[in-house]
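User: Can you walk me through this structure? I have not looked at it before.
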Amino acid sequence: MATTYEPIATTTLGSAASSITFSSITSAYTDLRIIMNVAGGGSSNFVQIRFNSDATSNYSRTSLIADGSTVTSTRASATNGLLNVAASGSVQPELILADIFSYSNTSVYKTWLSSDNSDANGSGNVGRIVGLWRSTAAIDTILLQGNTGNFAAGTTATLYGILKA
Amino acid sequence: MTGVLGGLIAAFPTPVTSSYESIATVTAAGVETSLNFTSILGTYKSLQIRGFFLSSGGGGGSMRFNSDTGSNYARHYLGGNGSSAFAGGSATQTLMTTADQSGSTYNSVILIDIIDYASTTKNKTMRAWNGYDFNAAGSSTYMYSGLWMSTSAITSIQLGTGLFGGTFDAGSTFALYGVK
């Protein structure tokens, strides 16, 4: 059987920064997975995702979030892409896992599933998002960007490739 | 990985030691009533299915094991459609649910994990996470648990849509992975 699920690139911020970029992504895989630990203390812990430098409103998302007392669902059309439903806004880290399906398939729009988990010892949330990028272009660049400010030092992001048989 | 050998700097390839292996992929060549994985070996601890489907009928996703069409399944779910959140469950079903809805233009994507699929002493539990966003109200994401009340090792998986009364459009693709 073919071994798969391989690390492609990883970044750890040595100092606060507004974004993390994975570029020159090969089309050798079927799906991509991003695992991100957003360090606490940043000025922006909402994580926007952009593909191939597309900063237009070609994204949409539908979310589900539980904050410890209620569960709600929201959505936004023709907007920016997001990986997390709610930022912890605290000194605690937030974990994000995102799967991008058929990222190099030039016949389909691109859909991702992302989960975010944060706990601040009294507040926190569990979130799920399905996101859409309305483009058939193969994804070769991924930008992870704070929506209003910087990610804190220590934030990590790793990109994996998963190949089907 | 780099190392120093006799005063020379040498570069070594990083060994790949993944325990996650690709087993098989099924793709609908045309309109298909189901997509199937068969002859699954019991050599892994868990299985994962990743994929997407298109269905002009707009149906959700469903799954059966070992061609069992009896009322040996159950499910629970938590989901949202952008304006409301939903939770529920059903006992004594003839299939498990893996996806809420689909369409003919935008992918309905699914992640499914089946733990201890080869056990012959335990019933089988799976979890599924589905999302379908078409840039409009009514898009949704759902999480499911599914139970198959059988201690048989899983050797085949049947994927369907529209509670199996629907069809997959061409291009719908599912990939099966084994986790050691």
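This is a predicted model: local features need pLDDT of at least 70, side-chain atom pairs count only at pLDDT 80 or more; totals for chains, interfaces and linings use all residues.

User: What is the strand order in the open sheet of chain A?
Analyst: The sheet has eight strands in the order β2-β13-β4-β9-β10-β11-β6-β7, and the pairing is antiparallel.

User: Which strands stand at the edges?
Analyst: β2 (6–12) and β7 (71–79) of chain A do. Each has a single partner strand, so one side of each has no neighbour in the sheet.

User: And the twist? How many degrees from one strand to the next?
Analyst: It averages 15 degrees.

User: How many bridges join β9 to β10 in chain A?
Analyst: Eight bridges join β9 (residues 94–101) to β10 (residues 110–119), and the two strands run antiparallel. As an example, A:I96 in that pairing has A:D116 of β10(A) as its bridge partner.

User: Changing topic: what area is buried between chain A and chain B?
Analyst: About 3,200 Å², with carbon and sulfur atoms giving 64% of that. In terms of residues, 40 of chain A are in contact with 44 of chain B.

User: How many salt bridges are there across that interface?
Analyst: The rule finds three. One salt bridge pairs A:R75 with B:D133, whose closest N and O atoms are 3.1 Å apart. There are also 17 residue pairs in polar contact across the interface.

User: Which element of chain A gives the most to the side that touches chain B?
Analyst: β7(A), with seven residues. Other elements that give two or more residues include β4 (31–38), β6 (59–66) and β11 (124–133) of chain A.

User: What is that side made of, by class?
Analyst: The side of chain A that touches chain B has 18 nonpolar, 13 polar and nine charged residues.

Conventions:
Residues are numbered from 1 along each chain as its sequence is written. Chains are lettered from A and ligands numbered from 1 in the order in which they are written. Side-chain values use heavy atoms; hydrogens and water are left out. Two strands pair if DSSP finds at least two bridges between them. Helices (H or I, at least four residues) and strands (E, at least two) are DSSP runs, numbered from the N terminus. Axes are lines fitted to C-alpha atoms, for helices over the stretch in contact, and angles run from 0 to 180 degrees between N-to-C directions. Contact means heavy atoms within 4.5 Å. Buried area is the accessible area (1.4 Å probe) that two parts lose on being put together, summed over both. A salt bridge is a side-chain nitrogen of Lys or Arg within 4 Å of a carboxyl oxygen of Asp or Glu. A polar contact is a pair of N or O atoms within 3.5 Å; within protein, one must be able to donate a hydrogen and the other to accept it, and residues adjacent in sequence count only if both atoms are side-chain atoms. Ala, Val, Leu, Ile, Met, Phe, Trp, Tyr, Cys and Pro count as nonpolar, Asp, Glu, Lys and Arg as charged, and the others, Gly among them, as polar.
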